[in-house]
Amino acid sequence: MKINREEIKNIALLSRLEVPEERMAQMEKALNDVLQYVEELEELDLTDVEPMAHAVQVQNVFRKDEVRPSLDRKLALQNAPEEDNGYFKVPRVIQE
C-alpha cells in the first residue's frame, strides 16, 4: 500500500496539522516507510505467539504499609513564600 500527496493532505486536514508543500516529499517517504514496515510485520507467522500487554514481564512490587516518620511541618514550611495556619498558601487558580 502506498500513500500519495492527496491522502497526506487529507490526513493533515483531518488531524488539523499544517504540512508545508516543501516537506510533502519527506512526509510521503516517511509514511510509506512506516506502511512498508507494517506490511513486513504482517508476513510473520504468529500462530503460536500469545498476545501480551507489554514486551517485557511487568509485575507490581508491593511493600508493607508502615507508618514512617515524615518531614517536620515547620521544616517543610521554612522556605514557603507564604504560609497560612501551617499550610502552604498559593494563589487562587479557580475563579468563582
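Analyst: Start with the count: the model has 5 salt bridges, a salt bridge being a side-chain nitrogen of Lys or Arg within 4 Å of a carboxyl oxygen of Asp or Glu. Side chains of opposite charge can pair when their charged atoms come close.

A word on the ground rules. This is a predicted model, in which local features need pLDDT of at least 70, side-chain atom pairs count only at pLDDT 80 or more, and totals for chains, interfaces and linings use all residues. Residues are numbered from 1 along each chain as its sequence is written, and side-chain values use heavy atoms, with hydrogens and water left out.

Now the network. Salt bridges link Arg5, Glu6, Lys9, Glu21 and Glu28. Take the pair of Arg5 and Glu28. Their side chains form a salt bridge at 3.6 Å, N to O. Arg5 belongs to helix H1 and Glu28 to helix H2, so this pair ties together parts that are 23 residues apart in sequence. Helices (H or I, at least four residues) and strands (E, at least two) are DSSP runs, numbered from the N terminus.

How accessible are these two residues? Arg5 is partly exposed, at 32% relative accessibility. Glu28 is partly exposed too, with a relative accessible area of 22%. The classes are: buried under 20% relative accessible area, exposed over 50%, partly exposed in between (1.4 Å probe, protein chains only).

Next, Lys9 and Glu21. Their closest N and O atoms are 4.0 Å apart in a salt bridge. Lys9 sits in helix H1 and Glu21 in the loop between H1 and H2, so the pair ties together parts that are 12 residues apart in sequence. Lys9 is partly exposed at 36% relative accessibility. Glu21 is partly exposed at 46%.

The helices behind these pairs deserve a look. Two packed helices are described by the angle between their axes and the distance between the axes. H1 covers residues 5-14 and H2 covers residues 24-42. They pack at an angle of about 95°, with axes 10 Å apart. H1 is therefore roughly perpendicular to H2. Axes are lines fitted to C-alpha atoms, for helices over the stretch in contact, and angles run from 0 to 180 degrees between N-to-C directions. Angles under 35 degrees count as roughly parallel, over 145 as roughly antiparallel, 65 to 115 as roughly perpendicular and the rest as oblique.

Which residues meet there? From H1 come Arg5, Ile8 and Lys9; from H2 come Met24, Ala25, Met27, Glu28 and Leu31. Contact means heavy atoms within 4.5 Å. The residues of this contact divide into 5 nonpolar, no polar and 3 charged. Ala, Val, Leu, Ile, Met, Phe, Trp, Tyr, Cys and Pro count as nonpolar, Asp, Glu, Lys and Arg as charged, and the others, Gly among them, as polar.

The side chains of Asp33 and Lys29 meet at 2.8 Å, N to O. These two are 4 residues apart in helix H2, so about one helical turn separates them. Asp33 is partly exposed at 40%, whereas Lys29 is exposed at 54%.

One last point concerns the loop between H1 and H2, where Arg16 is found. Most residues other than glycine have a negative phi, and most peptide bonds are trans. Arg16 has a positive phi of about 55°, although it is not a glycine. Arg16 is exposed, at 73% relative accessibility.
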